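Take a moment to look over the structure below.

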Amino acid sequence: MADFLYRVGRLAFRRRWYVALVWAAALAAVGLGALKAPGAVDEEFSMPGIESQKAFDLMEQRFPGATADGATARVVFIAPGGEKVTAADNRQAIGEAVAGMGDGPQVASADDPFKARTISKDGSTAFATVTCKVGAEALTDAGRAHLERIIDQARDSGLTVEAGGTALAEEGGPGGMAEVIGVAIAAVVLLITFGSLAAAGLPLLTAVIGVGVSMATILALSSALGLSTTTGTLAMMLGLAVGIDYALFVVSRYREARAKGRTPEEAAGMAVGTAGSAVVFAGLTVVIALAGLAVVGIPMLTKMGLAAAGAVVVAVLIALTLVPAFLGFWPNAVLTRKARKSGRIEGSTETNGGTRWARLVLRRPIPVLLLGVLGLGALAVPVTGPQLGMPGAEAQPTSTTERRAFDALAEGFGPGFNGPLTVVVDGEGAADPKGAVDSIAQEIGAVRAAHGASGEALLSSVATRSLITRFLMAPASGAGLAPPERLADLTVREREVMALAAEGRSNTEIAEDLTLSPLTVRTHIHRAMTKLHARDRAQLVVIAYQTGLVRATPPVT
């Protein structure tokens with residue numbers, strides 16, 4: 001590999017005009033293709049196979065008037081101090097606002113809070129849900145402007161009106177600004193490190209060329225391969241990162257070879273032959289990792305991973321060919337100013353900050369090692385208590401209407417109201433669909449959310465037994481009992497923990513009953529889930545009842 005790359009580097013150095021023209025032609029070709037290709041579509045996020053996606057698909061099928069993931073706006077009406085939204089004047093203003101929003105373009109429906117009963121217990125707050133026919137990315141400026149105008153009119157009536165949701169969410173800043181800032185910071189760091197404008201600019205120039213080729217290719221193939229506007233996001237970020245990094249390897253090794261008295265052509269060959277091997281290995285590793293996103297099974301992530309992998313491949317090829325070609329155009333420009341002025345390349349090596357730091361580490365390895373461990377420990381402290389989740393309106397500043405709407409709903413309707421769980425019931429084929437829905441609603445209403453020391457949510461034992469019993473005894477559920485032999489691979493302790501979990505107990509409660517630590521209980525549950533191929537704790541509970549590990553009792557009527 002090294003010998004082959006050595007010859008590639010020397011060839012690119014000698015035939016620099018041909019190499020530069022080939023890359024220029026490639027950039028022009030894909031750029032023209034990107035200009036002529038149809039525009040990329042905004043792909044809807046989907047996760048095939050999971051229950052929530054099935055619920056979305058069912059809603060889109062049964063409610064064709066509005067897509068399940070269409071843009072929504074939750075408009076909150078707050079009565080002036082001491083008044084109620086049910087007062088005649090306030091009720092009339094809210095009704096007019098709801099009617100006006102319902103007449104807007106791209107609006108599928110606007111729920112009247114007095115008919116939908118979305119009024120707080122104290123009567124001070126009400127909200128109307130506006131559902132659009134299209135997603136937030138497809139909403140026009142006219143559609144948003146209409147909703148905002150109606151909201152302003154409602155405010156003029158004396159009500160405090162705030163709006164949240166995807167329909168009126170503020171769009172982010174201009175795309176690519178983060179990359180521009182990153183490139184500017186990288187330019188400053190490289191300039192300080194190398195002390196040469198050419199040495200700092202060459203990795204940036206080749207990285208930008210590589211990203212241009214990659215992004216133009218993605219845009220040119222977007223329509224043919226079904227790529228969306230977000231597919232190239234990861235490709236752009238990684239293309240810039242590895243493009244600068246890989247080119248930097250080659251340039252640094254070239255400078256070292258020139259400092260040892262090598263000719264420019266031989267130094268280019270040695271740089272590509274040595275640093276190029278590391279570039280190929282690192283690039284291959286990144287490509288394999290990105291291609292591994294396909295294992296997740298999310299189409300959008302698969303496309304993003306493969307597109308980014310292509311950008312990395314382009315960065316590797318540019319580092320092996322275009323970088324030595326540019327070094328051929330300006331063989332001395334990447335050297336230090338002192339070496340260029342004196343013309344004595346061998347004398348251009350000098351002790352720099354990196355050399356002094358390396359000597360310090362060699363003289364004091366133990367203190368440096370302890371300092372590194374302490375630093376890593378400090379950086380790892382946040383991992384002990386992460387709060388996972390997607391940022392929503394609660395993360396917005398209080399100056400935004402989205403955050404004020406979030407706070408108003410939490411104050412008027414109670415904590416947790418802003419995080420609803422949508423349950424979709426398919427009543428097709430049921431003898432009494434309404435009765436089935438009412439029964440499910442009653443069962444869900446019996447659920448209590450509890451949080452033990454371990455932090456896991458659980459169902460009450462009564463709700464757990466009732467839900468599982470109805471599941472097993474429902475004639476149309478198609479749920480058959482599983483043979484007890486399915487539990488043969490479980491240990492006695494794993495069966496005990498599984499049985500108590502099926503009764504609705506938390507990890508902390510199980511630990512107290514069995515004199516174990518909550519961490520040990522969690523380990524036993526995870527092992528049982530792995531052996532039984534259970535997706536989650538709920539499925540583990542179902543298996544416990546199906547196999548007879550826990551006996552179902554008749555539901556209480």
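Keep in mind that this model is predicted. Start with helix α3, which covers residues 51–62. Its 12 residues reach 16 Å from the first C-alpha to the last. That is close to the 16 Å expected at 1.5 Å a residue. The buried residues of α3 are Q53, A55 and L58. An α-helix has 3.6 residues a turn, so residues three or four places apart point the same way.

Next comes helix α4, residues 88–102. Find I94 there. Is I94 buried or exposed? I94 has a relative accessible area of 0%, so it counts as buried. What does I94 touch, leaving aside neighbours within four places in sequence? The contacts of I94 are F77, V85, P113, F114 and L159. Look at F114 in particular. I94 and F114 lie 20 residues apart along the chain. Their C-alpha atoms are separated by 9.3 Å.

Move on to helix α8, residues 197–225, and pick out S214. The relative accessibility of S214 is 7%. The cut-off for buried is under 20%, so S214 counts as buried. Set aside residues up to four places away in sequence, and S214 touches A311 and V314. Helix α11 spans residues 299–329. It also has helix α9 as a packing partner.

Now turn to that pair. Helix α9 runs over residues 232–259. How do α9 and α11 pack? Their axes are 8 Å apart, at an angle of about 25 degrees. Angles under 35 degrees count as roughly parallel, and α9 and α11 are therefore roughly parallel to each other. Their crossing is right-handed.

Which residues meet in this contact? From α9 come L234, A235, L238, G239, V242, G243, Y246, A247, V250, V251 and Y254. From α11 come M304, A307, A308, A311, V312, A315, V316, A319, V323 and L327. The residues of this contact divide into 19 nonpolar, two polar and no charged.

Finish at helix α18, residues 492–502. Which residues are buried in α18? They are E494, V497, M498, A499, L500, A501 and A502. Just after α18 comes G504. This glycine takes a positive phi of about 90 degrees.

Technical notes. Residues numbered from 1 in each chain as written. Predicted model: local features only at pLDDT ≥ 70, side-chain atom pairs only at ≥ 80, totals over all residues. Heavy atoms only, no water. Helix = DSSP H or I, 4+ residues; strand = E, 2+ residues; numbered from the N terminus. Expected span 1.5 Å × (residues − 1). Buried < 20%, exposed > 50% of the residue type's maximum accessible area, 1.4 Å probe, protein only. Contact = heavy atoms within 4.5 Å. Axes fitted to C-alpha atoms, helices over the stretch in contact; angles between N-to-C directions. Parallel < 35°, antiparallel > 145°, perpendicular 65-115°, else oblique. Left-handed = near helix turned anticlockwise from the far one by under 90°. Nonpolar A, V, L, I, M, F, W, Y, C, P; charged D, E, K, R; others polar.
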